Amino acid sequence: MSTTAKGAQVHIRCSQCGTFNVNSENCENCGALLSVVKQRELVRQEQFKEVRKREAEKGPSKIELQIKKMQNHRFWLVRAVFEVVYIGWVIAMAVGGFIAWVIAAIVA
Ligand SMILES: [Zn+2]
């Protein structure tokens, strides 16, 4: 055990086994993580990993695959029509989003 300056010691009671620990991140008795901040951080990291894993398992959606297929179509007219429709759709979404924002701004 290392000795530290008086007053700098932090006593943390282990939530798992009730042992009082001094200046330690992990419980000396059972090894449980003592810092609440670190515990929250770990939980958040686990949740983030879980979300990423689920998205990776799902893979690209049917729509995404269809878009990729259309973008690489052999016939240029299909690509051109698709581009126009796709760009039009993106613009429509942007305009729709803007209108929704304006309405929200007026109501608020
Ligand atoms: Zn413990």
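**Figure 1. Cysteine pairing in the predicted model.** The structure holds 0 disulfides, a disulfide being a pair of cysteine sulfur atoms within 2.5 Å. This is a predicted model, in which local features need pLDDT of at least 70 and side-chain atom pairs count only at pLDDT 80 or more, whereas totals for chains, interfaces and linings use all residues. Residues are numbered from 1 along each chain as its sequence is written, and side-chain values use heavy atoms, with hydrogens and water left out.

Figure 2. Cys 14, in the loop between β1 (11-13) and β2 (20-22), and Cys 30, in the loop between β2 and α1 (36-58), are 16 residues apart and link distant parts of the chain. Helices (H or I, at least four residues) and strands (E, at least two) are DSSP runs, numbered from the N terminus. Cys 14 is buried at 1% relative accessibility, while Cys 30 is partly exposed at 41%; buried means under 20% relative accessible area, exposed over 50%, and partly exposed in between (1.4 Å probe, protein chains only).

Figure 3. Asn 23 is found in the loop between β2 and α1 and is partly exposed, with 37% relative accessibility.

**Figure 4. The salt bridge between Lys 38 and Glu 25.** The N to O distance is 3.1 Å; a salt bridge is a side-chain nitrogen of Lys or Arg within 4 Å of a carboxyl oxygen of Asp or Glu. Lys 38 belongs to helix α1 and Glu 25 to the loop between β2 and α1, so the pair ties together parts that are 13 residues apart in sequence. Both residues are partly exposed, Lys 38 at 34% and Glu 25 at 44%.

**Figure 5. The salt bridge between Glu 46 and Lys 49.** The closest N and O atoms are 3.4 Å apart. Glu 46 and Lys 49 are 3 residues apart in helix α1, and therefore separated by about one helical turn. Glu 46 is partly exposed at 44% relative accessibility, whereas Lys 49 is exposed at 52%.
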